[in-house]
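Me: Please take me through this model by question and answer. Keep it brisk.

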Amino acid sequence: MHRFRIIIRLVAAAILGLLLHYVLPQHDVVQITQADTRRTDFGGFNRWFYAQADSGSVELANRDILYIFADKKKTALLGFIARDATEPMVYRNEDTGWIWPPYFKFDSSNLHAQAASQARRDVNTEGGNWAIITHYGWRIPFLSIFPNAVDIEPTDGPNPRIIPWFNIIFFGLLLFAFGMVRAMWRQFRERSVDPMLDSAGDQYDEFQAGVAEKRSGISKWFDTWRSRSK
Amino acid sequence: MGFIKLVVFGFILLSVVYLSLAVYSRSVRREKLEDAWDAEKPDSITRADFVAKGVNDYNAGLRPKLLLLVYVVPAIFVAVVVYLTNTN
C-alpha cells in the first residue's frame, strides 16, 4: 500500500511537471530566418498540440498556420557548459484565444509581421539580428508538433541576460497556494472532521459499553443455568 | 464565445476559492476567540456568547470584504496579460 501510494504520487508529480513544462513560457535566443505560412492537416493525435482557428474565424478541419523559422542558439549543455552553436528551430504562431493556455494571444498576424521584419534585419550590422522569442510548447519532429511563439523581442547579441520573472512569480504563488490549501485542509480536519469522528467514537464506545452491560446481564442469566459445583 | 466561457468558468472556479477562503478565515477567527475565552475565562460573559459576539464583529469588519479581492485580482491579471501579450 505504501509503495502504491509512492507510485501514484510520482506519476501525479510527473504529469504536473510535464504540463507545467509545456505551458509555462520559455525564452529562446534566435536569429529569425523566415516567417511563412503553411497549410496544415492535423492528425488525430497532434491536433491536441495545435490551437484553434484565429480568434473570430471559423473552425475547419485544416487551415493555414503561420510558422516562424529560426536558427536557435543552443542552450548551455546540462545547464552550465555554454555553447556557441545554433540549431534549426521552427515555431508555430497561433492565437491562443481566451481559454487554454491562458496567454490571451490574439495578435498572431502582428507577430508574423514582426518576425518577417526581424528576418530582414542584416546579420552583419551592429548587434546582428538576434532576438528573444518567448514561447510555450515542445518541438517534437516525429509528431510534427511545434512550440507556439508568443512574443519576439529584438536584442543586442547572442548572450542577453534573461530573467524569467513570470516563472519566478508563478512558482512563488504556486507554493503559497499549496501552503494555503494545506492549512485549510488541516483547519477543516481539526474543526469539522475530528470532532465528528470523536463524537462518533464516543457513541461507539457507549454502544459497546451498553452491549457489554447487556451481555453481562444475559450471561448472568446463563450462569443461573450452569452447574454451581464448578 | 471563448470569452463567455472564460467568464462563466472563471466565475465558478473563483467562487469555489472565495467560499473556501471565507469559511477558512471565519474558522480561524472562531478558534482564536475560543482560545482567548479559554485563556481568561471571564465570569461576565459565557463562552458561546463571547464567540458569537466576536464572529459578529468579524462579519461586520473589513476582512471578509477584502476576500472579494479573490474576484478582482485575477480579473486585473487577465486584463494585464491581454494587454502585454497583444502590444508589441
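Me: Where does Lys41(B) lie?

Reply: This is a predicted model: local features need pLDDT of at least 70, side-chain atom pairs count only at pLDDT 80 or more, and totals for chains, interfaces and linings use all residues. Residues are numbered from 1 along each chain as its sequence is written, while chains are lettered from A and ligands numbered from 1 in the order in which they are written. Elements are DSSP runs numbered from the N terminus: helices are H or I with at least four residues, strands are E with at least two. In chain B, Lys41(B) sits in the loop between α1 and α2.

Me: Is Lys41(B) buried or exposed?

Reply: Count C-beta atoms, placed from the backbone, within 10 Å of the residue's own: 20 or more others is buried, 12 or fewer is exposed, and in between is partly exposed. Lys41(B) has 7 such neighbours inside 10 Å, so it counts as exposed.

Me: What is phi of Lys41(B)?

Reply: Most residues other than glycine have a negative phi. Lys41(B) is not glycine, yet its phi is positive, near 50°.

Me: Is Phe104(A) buried or exposed?

Reply: Phe104(A) also has a positive phi, near 50°, in a residue other than glycine. Its place is the loop between β3 and α2 of chain A. It has 25 C-beta neighbours inside 10 Å, so Phe104(A) is buried.

Me: What is omega for the peptide bond from Trp100(A) to Pro101(A)?

Reply: Pro101(A) lies in the loop between β3 and α2 of chain A. Most peptide bonds are trans. The bond from Trp100(A) to Pro101(A) is cis, with omega near -15°.

Me: In what order do the elements of chain A run from the N terminus on?

Reply: Chain A has three helices and five strands. Read from the N terminus, the order is α-β-β-β-α-β-β-α.

Me: What is the radius of gyration of chain A?

Reply: The globule rule is 2.2 Å times the number of residues to the power 0.38, and the radius is taken over C-alpha atoms. For 230 residues that rule gives 17 Å; chain A is well over this, so it is more spread out than a compact globule, with a radius of gyration of 32 Å.

Me: What box do the C-alpha atoms of chain A fill?

Reply: Of the 230 residues of chain A, 17% count as buried. Along the principal axes, the C-alpha atoms fill a box of roughly 115 × 45 × 30 Å.

Me: At what angle do α1 and α2 of chain B pack?

Reply: Axes are lines fitted to C-alpha atoms, for helices over the stretch in contact, and angles run from 0 to 180 degrees between N-to-C directions. Residues of α1(B) in this contact include Leu33(B) and Trp37(B), and those of α2(B) include Phe50(B) and Tyr58(B). Helix α1 (residues 2–40) and helix α2 (residues 47–60) of chain B have axes 9 Å apart, at an angle of about 140°.

Me: How far apart are the C-alpha atoms of Leu69(B) and Tyr18(B)?

Reply: Leu69(B) lies in helix α4 of chain B. It is exposed, with 12 other C-beta atoms within 10 Å. Along the chain, Leu69(B) and Tyr18(B) are 51 residues apart, but their C-alpha atoms are separated by 9.0 Å.

Me: Which element gives the most to the side of chain A that touches chain B?

Reply: Here 14 residues of chain A are in contact with 15 residues of chain B. On the chain A side, α2 and α3 (165–223) each supply at least two residues. With three residues, the element that gives the most is α3(A).

Note on methods:
Contact = placed C-beta atoms within 7 Å.
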